[in-house]
Amino acid sequence: MGIGATYLRIVLSRWRLLSAIVVACTLAAWGVSTFYLAARPKFQAAARLNITPTAEELGYATHFVRGSTFDGGGVLLGTYGEFAHTRPVVAPLVDHWMADQARAASKDLPTWIAANSQPNPLSPSRIWAILNYGEAPIVPLREQLIAALVKGTTIETVEGTYLLRLSVEWDDAASAAWFANALSDAIIARAVRESRSSGQQLAGSLEQRLDAKRAALAATLRQSRDLKSSIGVVDVDRQKQSLLEARLTEQAQLTTDRATLDSAKSQVAALRRQAGGKLSSAQSVLEQTLAVEAPRAAGLERSVAIRQARIGQLDRQIASLGGYEDRIKALDDQAAALQQEVTALTERVSFSQTDNLSNGPRIQLIERAVPPLTRSSPKVFLNTALGFVAGCALAACALLLLGPAIPREATVEVEVEAEVEPETRASADVHPIRPPAPAMGRPIVAGNTALARAPATVHHLFPHPLPAPVDGATYAAAELAAVIALVEPWLGALPTQGTIAVGALDDAQAAQWLAQIAYAMVRDRAPNLRVVDATRPDADRPGGGPAFLYLGATDRDALDRLPRDTYLLLAADGPVSDELPIAAHVVRFHG
């Protein structure tokens, strides 16, 4: 036998169990989706952003991802989109939304938070936390909303474009659209703010350097000015040039004076030599000439001495100025260099401020989110299909664990006793439903053991007779309400599942009155209730759904055919013995 045939034999040997597991999982998934998840639907709203990175950003991102399979543009999109998952972006939006909800509910924020912060002790999250950590501390509502928004926010990029899709899933459509648009606006604002902040930080650093250079320049200029003031000059070069020119002038004049002095001295000496042995008249002329030339020679000698002293003073000034010249030159050169740096930094600061405003990230909200018209979850069909798949997987696991079914060695025959009860008497008012239930009224023989019917059941009797309709046929609305008010505390809420049987012992009119009362009590709570008239020969047996079975005037044999779980309402003229096969609620009527 092949593997396929063997496996098929194993499956067929457990087909009932496998079918039950698959059907149970499928129905469980459908029931949870339909009755539990559908009570708290989710709505998804999406907004779209167009992000155009600058050349600097794209170049940096491309350099950052060099050697990997990512591209720079995708990294930038993911970076901007991830802003929506950060607490500094999400928390202010949650605070704003909570304030709007409180304002819409005409409450202050603490009152609204207190009204919506009632933890469910049996919630899956608390049970999971207790199982994992041994405790489940109560998380504030604000933190729960922040976590829910982060979890419900999805970022998607369109391949080959710079488009970003931001979707938010929330409990109501309007809030989902509001959060999607608010997160988009927050991403744009944060990206611009971060870009400007980085630009401002760079500009601030440049401005700090500029201020420091300006301060150093001012200190250098002040030192140079103070040094020049101490030596009494403003421009060292001009002062030195002036001193050199003055010295040259004095030196030239000294040379001339020396030559003139030498000539005068020679003439005076000659005159003095000629003065001896001359005639009186000539002597007189010589003395007169000598009297003129001798003072002149003395004056020239004093002038030469003065000019020599002046030249010496100029030499000392030039030498002194030469000592300060290096210091002044160094300060002037330092000031010139600082002035160049200040000029360059001023241009960089101005360019950085202008570039920061013009080269920021260009992000546009090209499509705002609108409240969705349909819910995004639960997807009943998808969940049911997943339940079917899970059922198949569980069935396969069960089949692997249990293996093929062991065939029975012998079967126990169960047969119904051949004894046939008498037919129900023919009556114009009683037409029992056929075929009767085989488990009712006749013992079942299993082997050699006879299983008899359970002991006699207890019947509930309404203590007072009920009023009949005034017209003797049917109750009016007011009469019906009054009768229901009498019997409802006694009967309670009639069941909306299973079968409700209404009849009377040998009194068709009482059966009609009681059926009108019972049907009025149960019809509004059981819209799918199926009414079966058992008095008709062609009446069908009640199926698996809720049914309202009208028996009319019946007898004990007909009641014996009813299922044991039937909710029986019975009208009787007097006390009912315990010989009825099932429990009954018994009422009486009077005219």
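In strand β12, the bridge partner of V502 is Y550. The two strands concerned, β10 (residues 499-505) and β12 (residues 547-554), pair in the parallel sense over seven bridges. Two strands are said to pair if DSSP finds at least two bridges between them. Strands (E, at least two residues) and helices (H or I, at least four residues) are DSSP runs, numbered from the N terminus. The structure is a predicted model, in which local features need pLDDT of at least 70, side-chain atom pairs count only at pLDDT 80 or more, and totals for chains, interfaces and linings use all residues. Residues are numbered from 1 along each chain as its sequence is written, and side-chain values use heavy atoms, with hydrogens and water left out.

Strands β10 and β12 belong to an open sheet of six strands with parallel pairing, in the order β8-β14-β13-β10-β12-β11. At its edges are β8 (460-461) and β11 (530-533), each of which pairs on one side only.

## Helices against the parallel sheet

Helix α14 packs on this sheet and touches β10, β11, β12, β13 and β14; contact means heavy atoms within 4.5 Å. The direction of α14 makes about 165 degrees with that of β12. Such angles run from 0 to 180 degrees between N-to-C directions, and the axes are lines fitted to C-alpha atoms, for helices over the stretch in contact.

Another helix, α13, lies across β8, β13 (567-571) and β14, running at about 150 degrees to β14.

## The cavity

The model has one cavity of 30 Å³ or more. A cavity is a set of points on a 1 Å grid over the protein atoms alone where a 1.4 Å probe fits but cannot get out, and its lining residues have an atom within 4 Å of a point. Grid points are joined across faces, edges and corners, and the volume is the space filled by probe spheres set on the points. For the largest cavity, this volume is about 40 Å³.

The lining consists of L466, V487, W490, L491, L514, I517, L569, H585 and V587. Two or more of these residues come from each of α13 (477-491), α14 (508-522) and β14 (584-587), and α13 gives the largest share, three residues. The lining divides into eight nonpolar residues, one polar and no charged. Here Ala, Val, Leu, Ile, Met, Phe, Trp, Tyr, Cys and Pro count as nonpolar, Asp, Glu, Lys and Arg as charged, and the others, Gly among them, as polar.

Strands of a sheet pair through backbone hydrogen bonds, either parallel or antiparallel. A further open sheet has four strands in the order β2-β3-β1-β4, with antiparallel pairing. Strands β2 (153-157) and β4 stand at the edges with a single partner strand each, so one side of each is left without a neighbour in the sheet. Direction ignored, neighbouring strands of this sheet are turned by 25 degrees against each other on average. Helix α8 (residues 141-152) packs on the sheet, touching β2 and β3, and its direction makes about 135 degrees with that of β3.

Eight bridges join β1 (residues 43-52) to β3. In β3, the bridge partner of A45 is V168, and that of F43 is W170. Strand β1 is also joined to β4 (residues 362-367), by five bridges; R48 stands opposite E367 in β4.

## Aromatic pairs

There are nine aromatic pairs in the model. Rings of Phe, Tyr and Trp (its six-membered ring) pair if their centres lie within 6.5 Å; planes under 30 degrees apart count as stacked, over 60 as edge-to-face and the rest as tilted. W97 and W170 form an edge-to-face pair, at 5.7 Å centre to centre with 80 degrees between the planes. This pair links distant parts of the chain, 73 residues apart: W97 lies in helix α5 (residues 87-104) and W170 in strand β3 (residues 163-170).

Note on methods
1 Å grid on protein atoms, 1.4 Å probe; cavity = no way out; pocket = protein on both sides within 12 Å on 5 of 7 lines; lining within 4 Å.
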